[in-house]
Amino acid sequence: MSSKVIVTTTINGEEFEFLCEPRQSLLEVLRDVLGFTGAKEGCNNGNCGACNVLLDGVLVNSCLVLGVEAEGRTIETIEGMAAGGRLHPLQQKFLEHAALQCGVCTPGFLLAAKALLDHNPDPTEAEVRHWLAGNLCRCTGYDKIIRAVLDAADAV
Amino acid sequence: MTTTASPYKVIGTRPVRPDGVDKVTGRAIYGADVRLPGMLHGKVLRSPHAHARILCIDASAALALRGVHAVITAQDMPAISDKIADLGESTVNLRYASNNILAHDKVLYYGHAVAAVAADNVHIAEEALSLIRVEYEVLPHVLDGKQAMAPDAPILLDDLRTNELGKLGDRPTNVAEHIRHQRGDLTKGFAEADVIVERTFHTATVHQGYIEPQNATALWNEDGQLFIWCSTQGAFSVQEQLAELLQIPVSRIIVTPTEIGGGFGGKINVYLEPLAALLSRKAGHRPVKMVMTRAEVLAATGPTSGSYIRVKMGARRDGVITAAEAELIYEAGAFPGSPVGAGCGVIFAPYRLENVQIDGYDVVVNRPKAAAYRAPGGTNAAFASETVVDELAEKLGMDPIEFRLRNAVREGDRRADGPEYKRIGLIETLEAARSHPHYTAPLTGKHRGRGVATGFWFNWGGKSSATATVNRDGTVNLIEGSTDIGGSRASIAMQLAETLGIPYEDVRPQVVGTAGVGYNDVTGGSRTTFGTGWAVYEVGKKILAEMRQRAADYWGVPVEEVSVADGVFAYNGESLSFRELAGKLDTPVTASASVHPQNYGPGFGVHIVDVEVDVETGKVTILRYTAAQDVGKAIHPSYVEGQLQGGVAQGVGWALNEEYVYDEKGRLLNATLLDYRMPTALDLPMIDTVLVEVANPGHPYGVRGVGEVPIVPPAAAIANAIYRAIGVRMTELPMSPPRIVAALARKRQDGVAA
Ligand code: FES
Ligand code: FES
């Protein structure tokens with residue numbers, strides 16, 4: 001086993017320092033080392049989006065990022081989305097539209113949708129579908145997810 | 001689409017689900033999120049062969065690795081004798097189940113579990129797996145159901161004998177069972193027909209595709225108490241399966257269900273739970289957590305059966321079906337137990353038939369053991385029969401919905417497999433589809449077509465228990481044991497609130513495990529809102545009766561003189577609201593109920609789909625989709641719509657893309673979510689739903705199960721639409737681009753519609 005590296009990173013506005021094996025993915029570090037279990041593992045190879053986080057504001061599959069790459073970076077996870085104790089409009093709209101069934105894909109969708117609205121506040125349905133095509137949901141058929149995102153865009 | 005004024009205050013509204021905030025903030029604890037002090041991590045060694053004898057297993061090098069605490073093989077499993085266990089949506093022979101969990105003497109499919117390891121972390125456990133040496137004698141394998149039925153096919157299970165229409169055969173075989181349903185006179189029926197259509201269909205193995213992989217955490221204490229945390233469709237089912245597989249008393253097992261990331265039938269059978277338990281005991285009674293990788297999920301957990309289906313139907317010029325015949329061959333995977341029985345029930349369920357025969361074969365092949373998948377066996381069957389029905393209508397020059405209406409079953413009709421229908425809503429649903437704007441909307445453009453298909457599912461009641469407590473402030477805590485996969489906490493709590501006459505917000509439901517509530521069957525068979533709804537209705541009535549008594553005591557009058565309506569207790573001009581009365585309770589009011597309701601009421605759906613076919617690439621695009629369904633009563637319409645939309649999406653994947661691909665050695669080639677291609681948001685349009693409400697008389701609020709019906713029609717509806725688009729009858733699933741291109745090439749060659 002290779003030796004561990006000290007990594008310093010900012011997660012949801014708070015600084016964290018942790019020991020990281022070079023082979024550990026950011027997803028593994030978030031979930032198993034730091035306890036941010038809101039990021040889910042659906043495939044561990046970039047195909048489902050359940051592990052999405054924002055890395056310096058950019059949407060990434062955390063299963064495809066190494067933990068050591070977090071050094072000096074800023075990470076936003078689902079746990080940081082409801083700022084100041086208030087749900088983000090996307091979270092609110094997902095609830096109102098019943099855009100989740102089992103909910104395991106939900107954190108990934110919410111972060112992906114947030115990344116979309118952050119740079120395109122008024123997307124079309126086609127743009128939302130295109131943007132969210134990296135996130136798999138097996139329960140909902142996407143209909144209510146797309147509606148929730150479009151509605152949230154109107155509300156933001 | 002409810003038009004009349006609702007008699008209900010809570011039912012039919014769309015409140016936010018009780019577990020919603022936890023799930024949008026990442027706080028909800030799913031199986032893989034469980035973490036216990038001193039926890040070890042387990043991993044499974046799996047077979048690289050489709051069929052092989054295990055000659056020996058040497059785990060000494062793995063055990064010597066630093067950080068490894070235990071290795072188990074089938075030797076660590078207790079010997080199990082033949083016994084059939086009821087899993088709700090399927091049954092299982094426990095000896096086979098044990099063999100599936102860890103291969104005893106033979107591996108029967110690529111990915112079959114051979115050994116398991118517990119170590120300090122996942123990486124060490126994986127390293128240890130690579131150090132276990134297994135010697136195999138590779139045997140010839142068979143992946144295909146038809147080939148497995150051939151007399152010279154490799155035999156998977158030496159002791160298997162065909163149950164041939166109830167009589168046991170006397171020679172080794174891969175055919176576990178042959179069943180038949182028969183009525184009337186086929187020869188006479190076909191002689192009366194003016195048109196006859198006969199076709200043979202093939203459908204590929206597909207997977208449930210839940211996004212959360214299987215997981216289990218176990219702690220087996222020194223005193224024999226076993227604790228399990230896992231995401232499962234039924235904690236009590238896990239408890240019972242473990243009691244049998246590990247040969248310990250049911251009471252010694254406490255199963256605590258976590259949140260579950262989808263199941264669709266695939267999270268009923270146990271896979272990891274017994275391994276984690278055995279590892280925990282062997283590793284010095286430390287907790288062991290196991291989580292599958294996606295590749296393991298696809299290779300080793302229940303897909304649903306691939307199948308061959310032959311359908312022959314005849315009809316008179318006036319549109320009446322005179323005869324129907326079907327033969328269904330379902331691949332069970334490595335052990336008997338495909339959903340062929342259900343397929344036989346579904347295949348002609350929507351039609352009144354005087355002359356009918358249905359034969360079903362359950363066949364073992366070297367693929368993972370099939371598990372339940374949403375309306376198990378139904379999609380395969382309807383793909384075949386609804387395509388033939390469409391062709392009959394076409395040959396008769398009749399509108400396909402009109403043709404179905406002419407033959408549709410109604411109350412008093414009998415299914416080919418026996419039962420008589422009570423009040424059902426097929427006719428209403430067909431009519432709703434026909435009058436939906438989608439059905440008559442113009443569809444122009446090249447290579448575009450519209451298709452329709454019908455689907456049926458039995459639904460199920462099952463056993464449910466629930467308990468509720470009235471708090472001093474008038475709110476109510478509800479304890480239930482039904483896994484909430486798609487919003488059932490809301491639909492259950494709403495029914496209790498309705499019964500009690502109090503607001504939805506005043507009922508707080510909690511799903512607990514085997515230690516916290518009476519027995520509950522799995523969340524499956526579209527039963528939860530129906531069956532657990534029944535349980536909380538009974539709970540509510542008991543609470544109201546007790547509260548009424550307390551009100552009578554308060555006023556010092558006989559209970560008969562107290563009236564109850566809308567959560568208000570009244571006597572002689574005085575009244576107490578539920579809340580006021582709750583505040584006066586000295587002795588607490590709690591109530592429990594256990595039910596096993598039988599009149600669950602089957603459901604029917606009618607789907608309309610528009611497709612466009614790219615004749616160059618073979619890609620099929622879904623342009624528009626409408627799903628109409630008799631839902632009995634939609635308790636929370638949003639989640640009912642969601643069930644329809646989700647079922648359609650899975651059906652679209654099954655129809656167009658999903659399939660297991662093996663190499664010539666029987667190794668699964670596409671065990672990733674990139675290559676096992678499920679629909680994304682880009683592959684689907686909005687999915688319009690029409691909720692037809694023909695109340696089920698077997699439920700206090702008219703509920704029928706809704707979850708499974710919607711996966712039954714899509715493949716057939718899409719096949720029928722493709723036919724209208726390009727003039728080719730597709731008889732194979734998935735109707736993937738290469739198959740469409742090949743079918744078009746055949747059509748060009750033959751100069752006729754295939
Ligand atoms: S777990 Fe990272 S994309 Fe699926
Ligand atoms: S809600 Fe279950 S996977 Fe999306």
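The lining of the second largest pocket divides into 9 nonpolar, 6 polar and 11 charged residues, where Ala, Val, Leu, Ile, Met, Phe, Trp, Tyr, Cys and Pro count as nonpolar, Asp, Glu, Lys and Arg as charged, and the others, Gly among them, as polar. The model is predicted, and local features need pLDDT of at least 70, side-chain atom pairs count only at pLDDT 80 or more, while totals for chains, interfaces and linings use all residues. Residues are numbered from 1 along each chain as its sequence is written, chains are lettered from A and ligands numbered from 1 in the order in which they are written, and side-chain values use heavy atoms, with hydrogens and water left out.

This pocket holds about 550 Å³ of space. Of its 26 lining residues, A:D32, A:E41, A:N44, B:V122 and B:V291 lie nearest the centre. On a 1 Å grid over the protein atoms alone, a pocket is an open set of points with protein on both sides within 12 Å along at least five of seven lines, a cavity is a set where a 1.4 Å probe fits but cannot get out, and lining residues have an atom within 4 Å of a point. Points are joined across faces, edges and corners, and a volume is the space filled by probe spheres set on them. At least two lining residues each come from α1 (26-33) of chain A and from β1, α4 and β17 (288-291) of chain B; α1(A) has the largest share, 4 residues. Helices (H or I, at least four residues) and strands (E, at least two) are DSSP runs, numbered from the N terminus.

Strands β1 and β17 belong to an open, mixed sheet of 7 strands in chain B, with the order β3-β7-β1-β17-β14-β15-β16. Strands pair if DSSP finds at least two bridges between them. β3 (68-73) and β16 (253-257) of chain B each have a single partner strand, so one side of each edge strand lacks a neighbour in the sheet. Neighbouring strands are turned by 20° against each other on average, direction ignored; axes are lines fitted to C-alpha atoms, for helices over the stretch in contact, and angles run from 0 to 180 degrees between N-to-C directions. β3(B) pairs with β7 (113-119) of chain B in the antiparallel sense over 5 bridges, with B:I72 opposite B:A116. Helix α4 (122-131) of chain B lies across β1, β3 and β7 of chain B, at about 30° to β1(B), with contact meaning heavy atoms within 4.5 Å. Helix α7 (235-246) of chain B lies across β14, β15 and β16 of chain B, at about 145° to β16(B).

Another open sheet in chain B has 4 strands in the order β25-β24-β23-β29, again with mixed pairing. Its edge strands are β25 (507-511) and β29 (590-595) of chain B. Helix α16 (528-555) of chain B lies across β23, β24 and β29 of chain B, at about 145° to β29(B).

Helix α16 also takes part in the largest cavity: α15, α16 and α18 (637-656) of chain B each supply at least two lining residues. That cavity holds about 590 Å³ of space, and its lining of 33 residues has B:T523, B:S526, B:Q643, B:V706 and B:G707 nearest the centre. By class, the lining has 9 nonpolar, 18 polar and 6 charged residues. At least three residues come from each of domain 1 (20-27 + 461-595) and domain 3 (303-459 + 601-750) of chain B, with bounds from an automatic or database domain assignment.
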